[in-house]
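Hi,

Here is the structure I promised to pass on. Have a look at it, and then read my notes below.

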Amino acid sequence: SGRRHLRMSRAPGPVPVGSVSSGYPMKSVLLMQSLVRARRAVKETRARIKAHVFRTRVFHELCQTEASYLRDMRILLNEYKKTCPEAMLTHKEAETLFGNLEEIVDIHTHLLGDLNAAQQEWTYTSRVGVIFEPHIPVLKQAYEKYINNYSSALSLLKLKCASGGKDKSPFEQYLDSVRKRIGTLSDLASYLIMPVQRLPRYILLVKELLKYTLPQHIDNSELLRVQGGLGEMVTALNQSKRKAEDWAHLGDMMRDVDMKGMSGLNIADGSYVFEGILFVDEATLSKLKSRDLASKKPKITKGLQKSLSNMLVRKDDPPSDKELYVYMFKDMLLFARKIGGGVSLLKPPSFKFSALHAWRMPPGTRVEGSSPTGFVIVAPGDTNNPDPTPTEYRAPTPFAKDTWMRHFQEAGMPVTK
């Protein structure tokens, strides 16, 4: 009994493995942890497989669209440019119409070769960013040339297709024969716009690839760099295109507008925004002709009063409303009047408009709607504009007024409709 008493009074030792601790056996705890890790691994594996499946689909779409685009560019080069007779299109005209097409075809031939090589060895660890990144500088250089020339190409195409009668022009008949020969419904303009649309398409496809590229994937950081590079390139090309279009508009304006008496005006200071017809009353004309903000000194010619009196008047307008053709720049308005009379065959074509004056709008200028077709331009008073009284203009229609207001807003001016 003594021994039994000693055994019963002995202090308890450590809890053996497999016994109950806090209500759970140790083996059960280890088993549960193992199951959690296994489930997590299965979940991660499924996520990787799903991402790889969708990533593969997007990459195949990239390869397919690249092959299709290169095929169309080769059609444009080989079927249109190289086969066009010089009687239809001179060498200089061909360079204007098709731009640097050979350079674009060469770049995309190499790019498609790299994409196809990656497609042949495509695995989960394949990288797309490393393929694209080296091509971005050459793409930017080539597409800047093409996009800046695009407006000139369309203008030339429109000119060559103009027949002046019911029958198609010889050049347009040639284009129809090419379409029939290659068996396509797409016209030349549809092919010419494809390079303009291609770069934004790359951004969408890279964005879609990133959507299915897991953060821990080696391609994730490379695709992010490619996405940033493509975005910066498209932004720069859009700015370059806008600048080229501005210069084209300025060239058209210099051909259309007689700038006599405006020698102190520097048009290049402001970026072209818009142009169109506006109507003003006599009070506005008097106020405008009393100041010319294009330079420090007024540039109003002696014949200004006579020019104002000869301005065209719409039949359905009050006699006091005068028609002006207005060129809008980011910080300036150039006012011109239409020149009447026909074009003589014995002398070069005359100007369409005669410049009256230019008004450089000071910072703080705002635009407010005054009627369904009217608006006022409110400029703060300064040394060049001592009279900050609002200047009122009227567009031909409510839609035309809304268009003017939208362009004022795009130029950075506060607009109240």
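**What I found**

Let's begin with strand 10 (residues 391–394), where T391 and Y393 make up the covered face while E392 and R394 make up the uncovered one. Before going further, note that this is a predicted model, in which local features need pLDDT of at least 70 and side-chain atom pairs count only at pLDDT 80 or more, while totals for chains, interfaces and linings use all residues. Residues are numbered from 1 along each chain as its sequence is written, and side-chain values use heavy atoms, with hydrogens and water left out.

A word on "strand" and "helix": both are DSSP runs numbered from the N terminus, with helices being H or I of at least four residues and strands being E of at least two. Strand 10 has a partner, strand 9 (residues 374–378), and the two run antiparallel, joined by four bridges. Strands pair if DSSP finds at least two bridges between them. Across this pair, F375 stands opposite Y393 of strand 10.

**The chain as a whole**

The protein chain has 13 helices and 11 strands. Of its 417 residues, 39% are buried (buried is under 20% relative accessible area, exposed is over 50% and partly exposed is in between, with a 1.4 Å probe and protein chains only). Its accessible surface comes to about 24200 Å², with 56% of that belonging to carbon and sulfur atoms (Shrake-Rupley method, 1.4 Å probe; for residues, only the protein chains shown count as cover). Take the contacts with a separation of 6 or more: 72% of them are between residues 24 or more positions apart (contact means heavy atoms within 4.5 Å).

**Two helices side by side**

Two packed helices are described by the angle between their axes and the distance between the axes. The axes of helix 2 (residues 26–81) and helix 9 (residues 194–211) come within 10 Å and cross at roughly 170°. Axes here are lines fitted to C-alpha atoms, for helices over the stretch in contact, and angles run from 0 to 180 degrees between N-to-C directions. Helix 2 and helix 9 are therefore roughly antiparallel (over 145 degrees; under 35 is roughly parallel, 65 to 115 roughly perpendicular and the rest oblique).

Which residues of helix 9 does L205 sit among, and what does L205 touch? L205 is part of helix 9, and leaving aside residues up to four places away in sequence, L205 touches V58, E61, L62 and T65. L205 and L62 are 143 residues apart in sequence, yet 6.8 Å apart in space, C-alpha to C-alpha. L205 counts as buried because its relative accessibility is 3%.

Cheers
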